[in-house]
Amino acid sequence: MQSDDLIQQWKKAVSEKNLPNTDHFKTLPLAKAEKLDEEILSLHNHYSECIDCLSCAKCCKTTVTVFNNEDVGRASRALALSRKEFIKKYLIEDQGEYTTISTPCPFLLPDNKCGIYEARPHACRSFPHTGRPHFLNRLKAHQQNLRVCSITYHVLKDYTT
Ligand code: SF4
Ligand code: SF4
């Protein structure tokens, strides 16, 4: 299926409030749970290839982005700013973490590309996190991301139906 069709399917499901429920994963038999990461990763890889993120960028447009200390160092060097200048210009500090000062992300370009792509934070590299190990530890985040990300929607829908 084409990227646009997959995105449209997801938008329809959001508008109709017809989204998968991650509670399904809490009752998996042990044998299935042990193989879960492998199966979810396979779906994640499939839909990440099918869906064109540059025609979406909803994650960059609607969610705040977390920067850890390492991310701050890398991104500030990429923009030739000191850490202090970078933080002051783009971030808010909250209990030892930094988040972007505004949404859409200040680094998002008009063509939906990332202005600091090579130096983007770890959270952006791994979003929507369906390709990471320990899927079951992030059920709450996956449930929230269903409203943001068509990749999350299709991965969970395929697994739960
Ligand atoms: S919300 Fe999901 S599909 Fe859209 S750009 Fe982000 S990762 Fe890609
Ligand atoms: S840093 Fe780049 S990839 Fe991350 S949210 Fe901002 S524009 Fe998107």
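**Close-up views of a predicted model**

**View 1. Contact of helices α3 and α9.** Glu-39, Ile-40, Leu-43, His-44, Tyr-47 and Ser-48 of α3 meet Ile-151, His-154, Val-155, Asp-158 and Tyr-159 of α9, contact being counted when C-beta atoms, placed from the backbone, lie within 7 Å. These contact residues comprise 6 nonpolar, 3 polar and 2 charged, where Ala, Val, Leu, Ile, Met, Phe, Trp, Tyr, Cys and Pro are nonpolar, Asp, Glu, Lys and Arg charged, and the others, Gly among them, polar. The model is predicted, so that local features need pLDDT of at least 70 and side-chain atom pairs pLDDT 80 or more, while totals for chains, interfaces and linings use all residues. Residues are numbered from 1 along each chain as its sequence is written, and chains are lettered from A and ligands numbered from 1 in the order in which they are written.

**View 2. Crossing of the two helices.** The axes of α3 (residues 30-50) and α9 (residues 150-160), lines fitted to C-alpha atoms over the stretch in contact, come within 9 Å and cross at roughly 135 degrees, on a scale from 0 to 180 degrees between N-to-C directions. The helices are therefore oblique to each other, a class left over once angles under 35 (roughly parallel), over 145 (roughly antiparallel) and 65 to 115 degrees (roughly perpendicular) are set aside.

**View 3. Surroundings of ligand 1.** The shell, defined by C-beta atoms, placed from the backbone, within 6 Å, includes Cys-53, Cys-56, Cys-59 and Cys-149. Helices α4 (58-62) and α9 each give two or more residues to this shell, which has 10 nonpolar, 1 polar and 1 charged residues.

Technical notes:
Helices (H or I, at least four residues) and strands (E, at least two) are DSSP runs, numbered from the N terminus. Two residues are in contact if their C-beta atoms, placed from the backbone, lie within 7 Å.
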